[in-house]
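Good morning, and thank you for the time. I would like to walk you through one structure, from its overall dimensions to a few local details.

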Amino acid sequence: MSFRQFLEGERRIAGQVTEVADELSAEYEAPAVMKANDGGPVVVFGRIRGHRVKVVAGLCGTRERIYRAIGAGPRDYYSKLTAAAANPVKPEVVSSGPVMEVTGGADLGELPVFRHYERDAGRYITSGIVVARSPDGKFQNASIHRLLVLGKDRLAIRLVPRHLFAMHQEGKSCGEDIQVAIVIGVHPAVAVGANAGPKLGVDELGVGNALMGGGLKVVKCRRSGVTVPAEAEIVLEGVIKADETVDEGPFVDLTGTYDIIRKQPVVQLNGMMMRRDAIYQAILPGGAEHKLLMGMPKEARMYDAVSRAVPDVRGVRLTLGGACWFHAAVSIRKQAEGDGKNAILAALGANPSVKHVVVVDEDINIDDMAEVEWAVATRFQGDTGMIKIKRARGSSLDPSSDQERILTAKLGIDATVPWGKPREKFEKATIPKAAR
Ligand code: MN
């Protein structure tokens, strides 16, 4: 149920893990190798120059590995994610665990934190799950945030207006810092759970535990009182300061373009614990792993919404080319004229960040963009099959949109076979098995 157990499991499957023998720099060199393997095998780095701690990258770099991590397939992961977010399972609190093997003061210099892209503001921790205690101490929240290294024991944290942002605002109003523990290196189900989007007040670690079918053990951090996976690789403890902000960014986000500089809060660290042979987890910003971890939980919500609008939904994908954020492909079994259009409206409504939706019939493989394009080519007419919406709420990440007001145009393409035309005109031709 740990990062390394999952890694060992992947090693037993041919082609899933690649080892890098060369010693590489944490600055650009190792990220370039991650980029070269993007969407492919897990990369196990032999050695990062000047560091004792080993690095593993791209653990959740393919859909198939995420399916394996949560014990689901391409057709049932939606329901598994939705059920886990609605019915989290409280992890078992234990008194100690492997993550406590080495404890001491925080020193980020010990960690091989990468500098990824040319114009990034600096070294960024990209796999940190920030577990935070609510100001009233009643619940904890877990979410993944990019963290810019400012010094030995200081980080800048990007807080987009979601749960941790709201908790920080509440702390700020009474001058209180937010107690946090930043967890690096957990079983991928825990990372997926942290993105699953349960209601405020729900501990996302419980969602990860539900995805694993239970068995997650947590230990209590001495200073902050938050609980963290006992088998994590590395935990940094500290507070998000109520009153201090710094410049954060530029940083390459999902889109593969640079996000702007903003004033963001500071994390002051006050402790660190790790395994004796800790592995540092690296995630390439704008890489397939980043996209899939962000996008797949959203697909679950969209699937749910489209299923309410159309009786038979076969799949929803936020596609890699659309950064798993802006573009959706939806497969339905059409039962009436207009089902395609309703699927578009439901898909757009369920996820404000989505800009373009293509709806196809069930015979189209939505994991293959060439097939989706073929459906658009042979089943779609621009004057009747398209829906266009002006100035809807979009994503702050899209450089082509109105980023000040976060307004964007939305487009839906109904590439299902037109109702009333003979279906056989649209069928994929097949070659029969040769008679022997
Ligand atoms: Mn939350």
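The accessible areas I will quote come from the Shrake-Rupley method with a 1.4 Å probe. By that method, the accessible surface of the protein chain comes to about 19,000 Å², and 50% of it belongs to carbon and sulfur atoms. Please keep in mind that this is a predicted model.

Let me begin with the chain as a whole. Its secondary structure comes to ten helices and 23 strands. The C-alpha trace spans about 70 × 60 × 40 Å along its principal axes. For 436 residues, a compact globule would have a radius of gyration near 22 Å, and the 23 Å of this chain agrees with that. Of the 436 residues, 55% count as buried. Among contacts with a separation of 6 or more, 70% are between residues 24 or more positions apart.

I turn now to the interior. In soluble globular proteins, nonpolar side chains tend to be buried together. Here the largest nonpolar core has 64 residues, and those with the most contacts inside it are Ile129, Val228, Val235, Val330 and Val357. Helix H8, residues 288–309, gives the most to this core, with six residues. Apart from it lies another core, of 42 residues, among them Ala30, Met34, Tyr117 and Ala132.

Next, the metal site. Which residues coordinate the manganese ion? They are Asn141 through OD1, His163 through ND1 and Glu204 through OE, at 2.0 to 2.1 Å. In sequence these donors follow the spacing N-x21-H-x40-E. Histidine 163 in helix H5 and glutamate 204 in helix H7 are 41 residues apart, so the pair links distant parts of the chain. Is each of these two buried or exposed? Histidine 163 counts as partly exposed, because its relative accessibility is 24%. Glutamate 204, with a relative accessible area of 4%, is buried.

Just after H5, glycine 175 takes a positive phi of about 70°.

That brings me to backbone geometry. Most residues other than glycine have a negative phi, and most peptide bonds are trans. Alanine 323, however, has a phi near 60°. This alanine is found in the loop between strands S19 and S20, and at 6% relative accessibility alanine 323 counts as buried. Arginine 391 has a positive phi as well, near 50°. Arginine 391 belongs to strand S22 and counts as exposed, at 56% relative accessibility. The peptide bond from glycine 249 to proline 250 is cis, with omega near 0°, and proline 250 lies in the loop between S14 and S15.

Finally, consider phenylalanine 6 in helix H1. At 8% relative accessibility, phenylalanine 6 counts as buried. Beyond residues up to four places away in sequence, phenylalanine 6 touches Leu59, Arg65, Arg68, Ala69, His187 and Pro188. The C-alpha atoms of phenylalanine 6 and arginine 391 are separated by 44 Å. Thank you for your attention.

Methods
Residues numbered from 1 in each chain as written. Predicted model: local features only at pLDDT ≥ 70, side-chain atom pairs only at ≥ 80, totals over all residues. Heavy atoms only, no water. Helix = DSSP H or I, 4+ residues; strand = E, 2+ residues; numbered from the N terminus. Core = buried A, V, L, I, M, F, W, Y, C linked by side-chain atoms within 4.5 Å. Buried < 20%, exposed > 50% of the residue type's maximum accessible area, 1.4 Å probe, protein only. Donors = N, O, S within 2.8 Å, 3.2 Å for Na, K, Ca; no water. Rg over C-alpha atoms; globule rule 2.2 N^0.38 Å. Contact = heavy atoms within 4.5 Å.
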